[in-house]
Amino acid sequence: MRDKKQSGGNPPNYYSEVTKSGTPLKKIIIKKPALFSGRTARAAGFFMVIFLLAFMFKAPFASADLRRPANFDFSGIPSDSKETVIEQVFEQTAINLGLDQIHLSRDTNSDAGVIDLYPEFHGPIDGGLFKGIHYSLQIPVNDSGSVYHSVALLIHASPDASSAEQDMTTIRSVISQNSGSGELSSFHGFPAVIYSEGDVEWQTGRFRFIASSCNGLINVDPMVIAEAFYTSAVSFGLIDGQGDTTAPPDAEEKEQETAAVEPGLTVKAQPLSFREEGDTVMLMISLTGNDGLPAADQAVSLYDEGSNANLDGGKTDPAGKISFTVEHNVPGKGVYTYRIKAMELSKTITIPVSTVEIIPETCDTTGEPYRGLVIDGKSILAINVSMTGEGSGRFTAGTPRYGTLEGDSISDSGAIILQDGKAVITYLPPVSLDDGQFTHHDEDLPGMAANEEIDFVYTGEDGGSSNIVLNLYLYRPPVILVHGFTGDKTTWAGLANFLAGRHYDTHTGEYYILDQSIQAQARMLKENIMGKKEEYERHNIRISSVDIVGHSMGGLISRYYTNSASYYGNDVRKLIMVGTPNHGCSWNDLQLGRVQSYLGDRHQIAAEQLYSRGDFITTLNRGENRGTHLNSGVEYGNIYSYSALPGFFSGDIVVPAASAYLTGVETTRLFDHTHSSTFSSAGTPVTESSEVFQQIEEWLNRPLLRQPLTSMRAAVSKVEGEVYLRQVDPQSGEQLEPALINTASGGTVNLEVEPFDAVITADGRAMLTLYLNETPWGYIHLHRDTELILRYISPRLTEVKVQKGSARFTSFSLDEKGHFAVEIAATSGKWQNITGLDTDFVIYADEKPVILSLEGSLLYQVEMAESKIGSVTLNTGESCTLSGTDEITAVNTDLEQWWENSFYNDQPATVEQGLLNKIFSQAENLVGLVSSGSWRTVTLHDLKDNYLALSALALIILFFISLLAIIQRRRAAR
């Protein structure tokens, strides 16, 4: 039995004394919840914060069976209708055993998990969870100033007899499978277990009884304790079920009849029926004497009731057991009846000729029953339960090892309701399983499967029972690997090997045959998915969805497939994009792509579709600010590089980070990674990175939560003098004639600037405002005679090219990763990049550019002679330039401070207001983060980089500190 320790004894405010007149019992104590004192409230607040921390970071991975219902109230703990009788049984048993000073505690179990008044967990056993109420009589023992409570007597009150029988069947099944833990027996004719330490447990009606000597603390044999317990239960009418309205109508009569007529003889059949002529059944007999102990060396006879013939006989072994084998040997006979006699006792058992079947639904492809299914979040399996022939009885289903059973034909206790001998229940698999649970190898299918076991118990009218185990195989969804622009099967060779080593089934295809468009390649993806699904169905494994990992353009192919009403088959669970240009490429990059596709003789049509202002990318991202660019039934993940690589905008050399960003999608940003092995000398390719592989595996094994949507835009917000907007033709990519911006309304405007549009100040000034969810997060100030091209925009990065002139870049970001990446067009043809690290800086893009940091730090990189790279980090107040000898040198800061002009000071929002707006924007994102549940995916390791999660944690802690302070103040006022 379980022992419970309580330091320092029993605090008096945790208990209330109850006197029992007419008994010599010193004290019975019933556990009650205590009110909080002031000190306790502060302690409770501290532990509540600790609990919240644990819940925020561990709750997504915790077992659902251990979650406490949010509306739990100690005052609402139920009690059993027989509670008073149970107390009387405990009292009388204690008197008979000479016990005093006992403790009566109560706790309950529910489907949602364990609810504890007294912190004691009962279950799970074999994956199941007991339901009902435990009542326990406990013996206190002092030990070095502490108090141990050892349970001597325990009564478990189930809601009905069926639940109690199922619990006892589960317990006996566990004991039979674990040699040395105990043995199966009977007690006064009731199914019982005698544990290895001598404790006795039996079940009758809707009650289970346990008697224990508390490992010798009570100097009485456990069987003697059990007899005293039994006698008390009978004397108070608990065992005979008088007045028990929750038991089945015939349960009381059946128990009384069994106890009175056959107190020491039990017979079980295995299997429970004959199926065809020649079948045999083993009859297993257990015999106990009047003392309840096994009756050894007793004669037992077997008779055929139909012919009244003596079929067999023998003597029981030392455990009081013997077995006989009977055969179906009479053609056409429907039922066999046998009588067993021993010690002037007899029992009749009937063996029907019938068929008991547990069969999963049939696969349409093969016409055979399914052997298992893929845990893809959509696949479920119907299980047909049937019994034909002259026999009758009932079925109960045990708790599956991993999944759950549902349906109108199954009760909460697992009892299966047969209609005309048939029932259909539904098996729902788990969402995911740990890698170590996939241990079954199937030669017909790649990968590994987890073995699901569901134990069905058939109980005949005579009380005999047998087990039918249904085995199902659970597979992970296959992973479809899609390569990118000018790639092939070898692109994902490393990932395929990595996943195969972890028992995943992967499929690698090629998507460039006949130089098809992205739409046509999406059709090829559909065919590959259908082929993989058909493979599983041919082997009787139900499958609904696959997972996809797409590199570069492969992510666009996959996105188009999942968004296509004509192609998509509702068969993708997760789509993970790696280095995908979700917002396309620039016009200049398109020209390079055309050359690459021509030289590689593939993707020539698809190359034209990658232009960011083209129809394909525009249509694919339509509704991005509203979330309609994503399929609501697909989980998305996005991995891309955020590195400031020499000579390129922050990205992976090929795909800028701002182009890869996709709102509403769970994202991982890498550093120092390149797009492919072509650029391996500059960093780790994303297609060969162990960091990428591990992130993909993690995402395949947990839900990917939809992230808060963010809308991004840039607009010319104020102009003075001649300022022009030069737009780009979305089809040809050609630059259109500059259009003069109207300077009415005092120069305040709200003219949206699209990617690759240029703002040109001739004899004028201009301000651009960057918006995140319609809240300014940064500004770009343009001096006279300046030309600036806006490129990609994302919440973490805005890319800009300064053709000439001077501009100031200011951000109010609360994120340390930075918000501006600026390229300077140099007359020498050498590239120069500036990456702002959440800072405020100015660029003079003249023949000898000057870079000045007004606040914070920035990284300046420049191409030197002989393809060498020069770089320097500037901090607040520092500046530099590139000399004629290709050296980065410091310069004086007595430059023209044109940004001090009142035009820029009189901006639509001051720096302080911009910062305030940014805080409000972060608060808005915080609400979205919490409401979407995305905070649950934040790990402790990533907390320092996630300001929204830190904000959520700070707000929660602040709330509870404030709440506890209010409570304390009110109590002090009293």
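Which two side chains meet in a salt bridge of 2.6 Å, N to O? They are the side chains of Arg-208 and Glu-201, where a salt bridge is a side-chain nitrogen of Lys or Arg within 4 Å of a carboxyl oxygen of Asp or Glu. The structure is a predicted model, in which local features need pLDDT of at least 70 and side-chain atom pairs count only at pLDDT 80 or more, while totals for chains, interfaces and linings use all residues. Residues are numbered from 1 along each chain as its sequence is written, and side-chain values use heavy atoms, with hydrogens and water left out.

**Salt bridges**

By the rule given above, the count comes to 19 salt bridges. Both Arg-208 and Glu-201 are buried, a word that stands for under 20% relative accessible area, with exposed meaning over 50% and partly exposed in between (1.4 Å probe, protein chains only).

| Pair | Closest N and O atoms |
|---|---|
| Arg-339 and Glu-305 | 3.6 Å |
| Arg-702 and Glu-666 | 2.5 Å |

The salt bridge between Arg-339 and Glu-305 links distant parts of the chain, 34 residues apart, since Arg-339 lies in strand β17 (residues 335-342) and Glu-305 in the loop between β14 (299-304) and β15 (309-315). Strands and helices are DSSP runs numbered from the N terminus, with at least two residues (E) for a strand and at least four (H or I) for a helix. Arg-339 is partly exposed at a relative accessible area of 22%, and Glu-305 is also partly exposed, at 34%.

Arg-702 and Glu-666, joined by a salt bridge, likewise sit in distant parts of the chain, 36 residues apart: Arg-702 is in the loop between α13 (690-700) and β38 (712-726), and Glu-666 is in strand β35 (residues 666-670). Arg-702 counts as buried at 8% relative accessibility, and Glu-666 is buried with a relative accessible area of 7%. Elsewhere, a network of salt bridges links Asp-505, Lys-532 and Glu-535.

**Nonpolar cores**

A nonpolar core is a set of buried Ala, Val, Leu, Ile, Met, Phe, Trp, Tyr and Cys residues joined through side-chain atoms within 4.5 Å. The largest one has 90 residues, and within this core Ile-780 and Phe-809 touch the most other members. A second, separate core of 51 residues includes Leu-265, Ile-383, Ala-397 and Met-448.

**A sheet of three strands**

An open sheet has three strands in the order β12-β13-β16, with antiparallel pairing, and two strands pair if DSSP finds at least two bridges between them. The edge strands, β12 (265-270) and β16 (321-327), each pair on one side only. Six bridges join β12 to β13 (residues 280-287), and in β13 the bridge partner of Thr-266 is Ser-286.

Contact means heavy atoms within 4.5 Å, and, not counting residues up to four places away in sequence, Tyr-860 touches a group of residues including Gln-832, Ile-851, Val-872, Cys-880 and Ile-888. The side chains of Tyr-860 and Gln-832 are also joined by a polar contact of 2.3 Å, that is, a pair of N or O atoms within 3.5 Å, of which, within protein, one must be able to donate a hydrogen and the other to accept it, while residues adjacent in sequence count only if both atoms are side-chain atoms.
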